[in-house]
Amino acid sequence: MTYDMLAALRPLLTAEADAEAHATGTESADLEQGVWLRLLEHLATDGPPLDPQSWLRRAVRAESRRNRRTARREGPYAEDPAEDGDRGPEQIVLAAARHRALRDAVHRLPARCSRLLDALLSPEDLTYREIAGELGISQGSLGPERSRCLGCLRRLLTPEVAAREVRG
């Protein structure tokens, strides 16, 4: 029954996401992916909604509002806060060591995460569209995939960072 419901909701979700995407300044595929995630979470906790079409419309609007709020809060820095013109040789060496450690950790990740994070860390400053094309995945999948990969990287680096702390 759940599979039939998902198949029946797909055209409605596509239409609703297309209608809302322009107002949020996001891709409709990103809205769709967010709503699918909310639906799967809902199915896992509460089971299928009583009125799936109404639930889906409300979920698209909620996801759209969430994206607008996020876009309002996020903004580019006037300058890179990590850039400090008064760096001495010690800071330069430590920064290079941190970058090497990060690159080494990225290359220890599973291949899919390694390629994605390499593309995100690229000095070419690729857009999501360019990264998606390069990796052969949908642009809407990049955000969730990036989050999963950063979680893997965080788990990989946590023991190393904890082991290097001075104790005593």
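Me: What should I know about the model before I start?
Reply: This is a predicted model, where local features need pLDDT of at least 70, side-chain atom pairs count only at pLDDT 80 or more, and totals for chains, interfaces and linings use all residues. Residues are numbered from 1 along each chain as its sequence is written, and side-chain values use heavy atoms, with hydrogens and water left out.

Me: How many helices and strands are in the chain?
Reply: Helices (H or I, at least four residues) and strands (E, at least two) are DSSP runs, numbered from the N terminus. Here the chain has seven helices and zero strands. From the N terminus on, the order reads α-α-α-α-α-α-α.

Me: What share of the residues is buried?
Reply: Buried means under 20% relative accessible area, exposed means over 50%, and partly exposed lies in between (1.4 Å probe, protein chains only). Of the 168 residues in the chain, 30% are buried.

Me: How do I read contacts?
Reply: A contact means heavy atoms within 4.5 Å. Take the contacts between residues at least 6 apart in sequence: 59% of them join residues at least 24 apart. Glu-134 touches Ala-119 and Leu-126, not counting residues up to four places away in sequence. Glu-134 and Ala-119 are 15 residues apart in sequence, and their C-alpha atoms are 8.6 Å apart.

Me: Is Glu-134 buried or exposed?
Reply: Glu-134 is exposed, at 54% relative accessible area. Compare a loop residue: Pro-48 lies between helix 2 and helix 3. Pro-48 is partly exposed, at 39%. Pro-48 and Met-5 are 43 residues apart in sequence, with 8.7 Å from C-alpha to C-alpha.

Me: Which cysteines does a disulfide join?
Reply: A disulfide is a covalent bond between the sulfur atoms of two cysteines. The test is a pair of cysteine sulfur atoms within 2.5 Å. A search of the whole structure finds one disulfide. It joins Cys-113 to Cys-149, with 2.2 Å from S to S. Cys-113 lies in helix 5 (residues 111-120) and Cys-149 in helix 7, so the pair ties together parts 36 residues apart in sequence. The torsion about the S-S bond of Cys-113 and Cys-149 is about -80 degrees, so this disulfide is left-handed. Cys-113 is buried at 8% relative accessibility, and Cys-149 is buried at 0%.

Me: What is the volume of the largest pocket?
Reply: On a 1 Å grid over the protein atoms alone, a pocket is an open set of points where a 1.4 Å probe fits, with protein on both sides within 12 Å along at least five of seven lines; lining residues have an atom within 4 Å of a point. Grid points are joined across faces, edges and corners, and a volume is the space filled by probe spheres set on the points. The largest pocket has a volume of about 820 Å³. Of its 23 lining residues, the closest to the centre are Asp-30, Asn-67, Tyr-128, Gly-143 and Arg-146.

Me: Which helix gives the most to that lining?
Reply: Helix 7 does, with seven residues.
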